Amino acid sequence: MLKRTGFTIIASALVLAMSLTACSTSGSSTGDYPKKPFIVTAPSGAGGGWDKTARSLTKVLTETKLIEQTMTVENKPGGGGTVFLAEYVAKDNEDPYKLFVSSPPILINNLKKEGNSPFGYKDVTPLAQMTKDYGAIAVPANSKFTDLQSLIDAIKADPTSVTLASGSAPGSMDHLISVLPAFKSGVDPRTVKYLSYDGGGEAIAALLGNNADAIGTDISSLGSYLKAGKIKILAVTSTERLGGDFADVPTLKELGLDAEFTIWRGVFGPKGLTEEQLAFWDKTLKALSENEAWQKELVANDWASEYRNAADFKAFLEEQERDVQELLTALGMQK
């Protein structure tokens with residue numbers, strides 16, 4: 001009788017232990033997410049659009065308690081995002097606590113001929129588009145180029161006499177923005193002198209240090225320099241003039257060039273996210289997009305709000321991929 005009772009107790013204990021283990025295993029992949037600190041990567045140096053997006057995102061998510069876990073931003077420059085993405089796909093594509101921000105380069109780098117990446121948005125999980133921005137052409141405040149046409153005329157006369165710079169590699173988004181006005185004016189973009197830097201901050205420093213004549217970058221990163229009187233912005237790639245500090249900047253179309261370029265920015269996660277984890281981010285990032293603190297952050301950074309959830313963002317990227325392929329083909333830069 002004692003032996004039977006002992007066996008019954010042991011058997012009950014084993015069943016209880018197995019039940020607890022099953023609950024623990026199930027909870028680790030669903031109900032208890034998130035439970036650890038997050039790392040959000042900006043695949044560039046400090047000061048550019050990716051860096052600002054990552055820092056604004058983590059700042060507001062934390063301040064509003066939409067995310068209660070610690071969120072750390074890491075900068076991983078190199079190859080306009082290609083170095084980071086290769087490392088991410090190889091090492092972190094099953095880690096739901098490692099996210100990153102990106103923009104059109106995740107498409108461009110995968111489609112261009114030189115310095116391309118074998119990886120693109122299909123190798124990770126698009127979580128949400130959060131903002132939209134536009135490209136701009138800027139020169140130092142004391143530049144001899146007083147308008148876009150004078151810059152284009154100098155490039156036409158001698159493409160090697162004018163140095164354009166940006167924060168990413170040849171064939172990148174900033175490169176396309178930089179050469180777009182000359183290309184639309186009949187100049188072979190391959191003849192234009194172009195310097196690439198690891199991040200928009202370094203490129204602007206080169207411009208202000210007289211190591212470049214003009215820069216092509218996102219207009220939102222130029223606001224503080226414009227207010228300080230350090231630069232002149234010759235044109236913006238939006239469909240219509242922007243407001244605020246950029247109200248006097250003409251669009252390319254105003255200047256007779258049939259061209260525009262929208263810079264979206266979004267959040268991405270690993271390929272291995274579960275449905276529950278993806279649903280968490282859909283809910284959280286939607287709440288962020290509607291939060292007053294985020295709206296203030298948009299104004300502070302000269303960004304426009306444009307939110308798309310994971311499904312809509314993925315569909316949008318498929319459409320954008322076709323558009324980028326067409327532009328790269330026109331420039332002779334497609335792979």
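This is a short tour of a predicted model, stop by stop.

**Stop 1: the largest cavity.** The structure holds three cavities of 30 Å³ or more. Begin with the largest, which has about 210 Å³ of space. Select S44, W50, G167, S168 and D174. Among the 21 lining residues, these lie nearest the cavity's centre. Now show α2 (49-63), α6 (173-184) and β7 (214-218). Each of these elements gives two or more residues to the lining. Colour the lining by residue type: six residues are nonpolar, eleven polar and four charged.

**Stop 2: the second largest cavity.** Here the space is about 80 Å³. Select G81, L85, S102, I106 and N109, which lie nearest the centre among 14 lining residues. Two or more lining residues come from each of α3 (82-91), β3 (98-102) and α4 (105-111). Which types of residue line the second largest cavity? Nine are nonpolar, five are polar and none is charged.

**Stop 3: a cis peptide bond.** Select Y33 and P34. The peptide bond that joins them is cis, with omega at about 0 degrees. P34 sits in the loop between α1 (2-29) and β1 (38-42).

**Stop 4: two positive phi values.** Go to K65, in the loop between α2 and β2 (71-75). K65 is not a glycine, yet its phi is positive, near 65 degrees. Is K65 buried or exposed? Its relative accessibility is 61%, so K65 counts as exposed.

Finish at D302, in the loop between α10 (292-300) and β10 (304-308). D302 is another residue other than glycine with a positive phi, near 60 degrees. Its relative accessibility is 29%, so D302 counts as partly exposed.

Conventions: Residues are numbered from 1 along each chain as its sequence is written. This is a predicted model: local features need pLDDT of at least 70, side-chain atom pairs count only at pLDDT 80 or more; totals for chains, interfaces and linings use all residues. Side-chain values use heavy atoms; hydrogens and water are left out. On a 1 Å grid over the protein atoms alone, a cavity is a set of points where a 1.4 Å probe fits but cannot get out, and a pocket is an open set with protein on both sides within 12 Å along at least five of seven lines; lining residues have an atom within 4 Å of a point. Grid points are joined across faces, edges and corners, and a volume is the space filled by probe spheres set on the points. Helices (H or I, at least four residues) and strands (E, at least two) are DSSP runs, numbered from the N terminus. Ala, Val, Leu, Ile, Met, Phe, Trp, Tyr, Cys and Pro count as nonpolar, Asp, Glu, Lys and Arg as charged, and the others, Gly among them, as polar. Buried means under 20% relative accessible area, exposed over 50%, partly exposed in between (1.4 Å probe, protein chains only).
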